[in-house]
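Take a walk through this two-chain model with the structure open beside you. The text goes from helix packing to a sheet, then to the contact and a few backbone details.

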Amino acid sequence: MASTSTAEIAALDEALQRPPSSLWRDALRHIFRKRSAIVGMVILGILVFVAIFHPLLAPFDPTKSMLDVPEQAAAGVHKRMPPCIHLLGCPEDQPQHILGTDGNVRDLFSRILYGSKWSLIIGFTTVGFAIVIGTVLGGVGGYMGGWADNLIMRLMDVLLAFPSLILAIAIVTVLGPGLINALLAIGIVSIPVYARIVRASVLSVRETDYVEADRALGVGHFRLLFHRILPNALTPLIVAGTLGIATAILDAAALSFLGLGAQPPMPEWGSMLGAERNQVFSAPHLVFFPGVAIMLTVLSFNLLGDGLRDALDPRLNR
Amino acid sequence: MSQPPHSAALQSPPSEGGDLRGLPPADPDVLLDIRDLRTYFYTLDGIVKAVDGVDLVVRRGEVVGLVGESGCGKSVTSLTIMRLIAHPGRIESGEIWFDNVNLLDLPIKQMTDIRGNRVSMIFQQPTSCLNPVYNTAYQLSEVYRIHDKVSQKVGRKKALDLLKQVGIPDPERRLKSFPHELSGGMAQRVMIGMAIACVPELLIADEPTTALDVTVQAQILDLMRDLQARLGTAIILITHDLGVVAEMASRVAVMYAGQIVEETDIHTLFRSPKHPYTVGLIGSVPVLGQIKDELYTIPGNVPSCIDLPEGCRFAPRCRARLDRDLTVCLEKNRELREIAPGHKVRCWLY
């Protein structure tokens, strides 16, 4: 039996003393060193917190007109009331609505809190859908090569040839307006981005020695692609996915703004913007606050995505 | 110097004539019988004949060395046996009889079952051959899960046994290690563990020690010899290091430009090499403790496998041909002939 040399034992001991360093640990370290990424994570953290606890945080029912609440109606609540905060000197006899009321006399603050949930759902479902389909298509294309690759990637090229929002509008027009259809449309439109990323990674990973070694061990095609190659191709996908959530939220807001996405009375930021766009001058808060909410959400995902890209990319300064 | 473990290896392999084509080897002791194997790569620059008519016999439990310079087709030969040649390569012709089955005729599904199970392979770069996203336990137990269809729990237990078998210190801890936490020697032990997991009948070791430093190299060779004796696995040892061959193999085939030019037992190879290329190869090995002004080198370069010389592939570099002024070498390639029992040479001198 081979005996272990003292040098090897020493090396081993040294290795065991070191805290294990993994890609994710390293990535976390780098992300916490980057201020913009931290800002992104903080905003996102607040957003997630609000999205989870919105029923507790919201002072009113987001879909209920205040005129239907007797004490509010008695206190003289009216539509498109400007923000009124008692602490900041709003007269005590006026009902308090932190961000004012909208055209249907609903509490804007509650609506925006509820909207955070929809925004996150929209972002994650569309990107999740696009990533799953895109990964399968890009993975199979990259792994098989040849005609399958050609067929899949040319289809993706066709999808990419349209401006994404126009294509999404076209799909929603065919399927009919509604949030689910809008999500599906945005999901379909973003598939090619992920398919391309995955294909590129698979093309490089499948040529590595360990994939060759796995082949020699008798690993079948399915297992090879989905268990061996894809996990090694995930990093760029995570970055693209994070940035993609921002685009998806923006696109969904745009569709809702046009009346093709979320339908009233659903408290969705884009549709809130769209419903009150004619009152920009008379009641600017109704456009301003949903707009700010969209912007902050998109910004947080973009900052986090940028941070992740820097942290996960070994080529950038380490 | 080690004794060859199997005296059977010293006897001559059965002579094969054209009449054997398409039939399994007659001798049940023969584990692998490669006949006239040709693997070509169709590149834009032309057809690369990486393996061009290789015949090789491996008996059960025997260690055969496959020696040659870089680019002579050793690795392609091994990949061809595993049928892992990818586009633009193609296995042109030949037969690979493994235990009465021609591997080249097998459907891909059955071939996948054989890989890693009955024939497995060790590669040159141990650290890059382990998947970076999985730990040792996962990768080792995968082999069992694929071939023996055992549960993850059983696989893990077997993985631990394997690590003990390949002599990794602190195996419980190493199970949780990821490839980047292993040294080259440890990674190669893990690779060997994966390769022997299913107790294969044939192990192809493609330069298993080239990437390791000398002390670790000796340990790995020890380990391989130990496992070989214990499991009775036949090994094809591919290397350019004649020292490794001398230590491990009982029989050696020397490859040059896609063909085997000499095949004999290990003692004859070093004592009386016949092919001028083998003579040059052995002559160019530095000997410890012996001071020479200049190491012997074989003049010229390995021919490109795209436009190979018409006659003997070694002829343009062959000093013996120049000395004897032979012209036949440049015109016709010699077949691999048995010049003594168990000693085959492809040369016009014999």
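What follows begins with how to read the model and then turns to chain A.

The model is predicted: local features need pLDDT of at least 70, side-chain atom pairs count only at pLDDT 80 or more, and totals for chains, interfaces and linings use all residues. Residues are numbered from 1 along each chain as its sequence is written, while chains are lettered from A and ligands numbered from 1 in the order in which they are written.

Start with helix 7 of chain A, residues 164–175. Helices (H or I, at least four residues) and strands (E, at least two) are DSSP runs, numbered from the N terminus. At 1.5 Å a residue, the 12 residues of helix 7 of chain A should span 16 Å, and the end C-alpha atoms are 16 Å apart, which agrees. The expected span is 1.5 Å times one less than the number of residues. G176(A) follows helix 7 of chain A, with a positive phi near 100°.

Two packed helices are described by the angle between their axes and the distance between the axes. Helix 7 of chain A packs against helix 8 (residues 179–205) of chain A at about 140°, with axes 9 Å apart. That makes helix 7 of chain A oblique to helix 8 of chain A. Axes are lines fitted to C-alpha atoms, for helices over the stretch in contact, and angles run from 0 to 180 degrees between N-to-C directions. Angles under 35 degrees count as roughly parallel, over 145 as roughly antiparallel, 65 to 115 as roughly perpendicular and the rest as oblique.

Which residues of helix 7 of chain A meet helix 8 of chain A? They are S164(A), L167(A), A168(A), I171(A), V172(A) and L175(A). Contact here is C-beta atoms, placed from the backbone, within 7 Å. By class, this contact of helix 7 with helix 8 of chain A has 11 nonpolar, two polar and no charged residues. Ala, Val, Leu, Ile, Met, Phe, Trp, Tyr, Cys and Pro count as nonpolar, Asp, Glu, Lys and Arg as charged, and the others, Gly among them, as polar.

Now find helix 5 (residues 108–144) of chain A. Helix 5 and helix 11 of chain A pack at about 130°, with their axes 8 Å apart. They are therefore oblique to each other. Residues of helix 5 of chain A in this contact include G123(A), and those of helix 11 of chain A include G241(A) and G244(A). The contact of helix 5 with helix 11 of chain A divides into nine nonpolar, six polar and no charged residues.

Past helix 11, P265(A) lies in the loop between helix 11 (234–257) and helix 12 (269–275) of chain A. A cis peptide bond joins P264(A) and P265(A), with omega about 10°.

Chain B brings a sheet. Eight strands form an open, mixed sheet in the order 6-7-8-3-9-10-12-11. Strand 6 (119–122) and strand 11 (337–340) of chain B stand at the edges with a single partner strand each, so one side of each is left without a neighbour in the sheet. The twist averages 25° from one strand to the next. Strands pair if DSSP finds at least two bridges between them. Strand 3 and strand 9 of chain B pair in the parallel sense over four bridges.

Finally, the two chains meet. The contact takes 25 residues from chain A and 33 residues from chain B.

Key: Contact = placed C-beta atoms within 7 Å.
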